Amino acid sequence: MRIAVTVNGERAEAEIWEGESLLYALRERFGLPGSKNACEQGECGSCSVLLDGELVCACLVLAAQADGHEIVTVEGLGAGDELHPVQQAYVDAGAVQCGFCTPGLVVATAALLQRVPEPSDYEIREALSGNLCRCTGYTKIFDAVRLASGR
Ligand code: FES
Ligand code: FES
């Protein structure tokens with residue numbers, strides 16, 4: 001089947017298999033490998049994207065379900081070569097080690113700060129609870145969220 005979506009502000013169409021995930025379509029059909037595939041089971045959040053402004057795990061959404069909808073991936077957050085403030089905060093806080101979790105965390109953080117510009121530690125914890133990181137111990141990630149919030 002053919003789907004037409006808006007990805008990062010641009011119209012895009014692709015021929016897909018009915019059973020494939022939005023994550024697969026983003027990475028393999030639309031050439032956007034920023035969203036990572038770590039578990040493909042909705043457990044890790046590395047594939048987090050915005051679907052019509054809502055944070056979702058792209059591995060749990062069928063590409064067919066996204067037909068006619070708007071998607072923002074980590075590639076669409078910044079403006080050209082300029083990093084999004086959340087991305088810059090992750091760099092400045094040293095919140096990136098292997099980086100595999102980072103795109104999902106950045107998208108989840110951007111979604112949180114859009115909703116709650118000055119989140120409490122509890123709100124940060126809750127908002128990022130679906131995003132797993134095996135490297136950082138989360139301290140630097142929390143620092144990055146606070147930094148981005150303060151800016
Ligand atoms: S790859 Fe989607 S939640 Fe892990
Ligand atoms: S930085 Fe490696 S999993 Fe988070």
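Predicted model: local features only at pLDDT ≥ 70, side-chain atom pairs only at ≥ 80, totals over all residues.

**Exercise 1.** Which strands do the buried residues of α1 pack against?

- Step 1: α1 covers residues 22–29, and its buried residues are L22, L23, A25 and L26.
- Step 2: look for what these buried residues touch, and you'll land on β1 (2–7), β3 (48–51) and β5 (70–72).
- Step 3: follow the chain just past α1, where G31 has a positive phi of about 65°.

**Exercise 2.** Find the salt-bridge partner of R2 and work out what the pair ties together.

*Solution.* 
- Step 1: R2 pairs with E13, with 3.1 Å between the closest N and O atoms. That falls within the 4 Å cut-off for a salt bridge.
- Step 2: R2 sits in strand β1 and E13 in strand β2 (residues 10–15), so the bridge joins parts 11 residues apart in sequence.
- Step 3: widen the view and you'll see a salt-bridge network linking R2, E13 and E15.
- Step 4: check accessibility: R2 is partly exposed, at 48%.

**Exercise 3.** Which side chains does R146 meet in salt bridges?

*Solution.* 
- Step 1: one is D121, at 3.1 Å from N to O. R146 lies in helix α5 (residues 139–150) and D121 in helix α4 (residues 121–127), so this pair ties together parts 25 residues apart in sequence.
- Step 2: another is D143, also at 3.1 Å. D143 and R146 are both in α5, three residues apart, or about one turn of the helix.
- Step 3: for relative accessibility, R146 comes out at 37%, D121 at 40% and D143 at 29%.

Definitions and conventions: Residues numbered from 1 in each chain as written. Chains lettered and ligands numbered in written order. Heavy atoms only, no water. Buried < 20%, exposed > 50% of the residue type's maximum accessible area, 1.4 Å probe, protein only. Helix = DSSP H or I, 4+ residues; strand = E, 2+ residues; numbered from the N terminus. Contact = heavy atoms within 4.5 Å.
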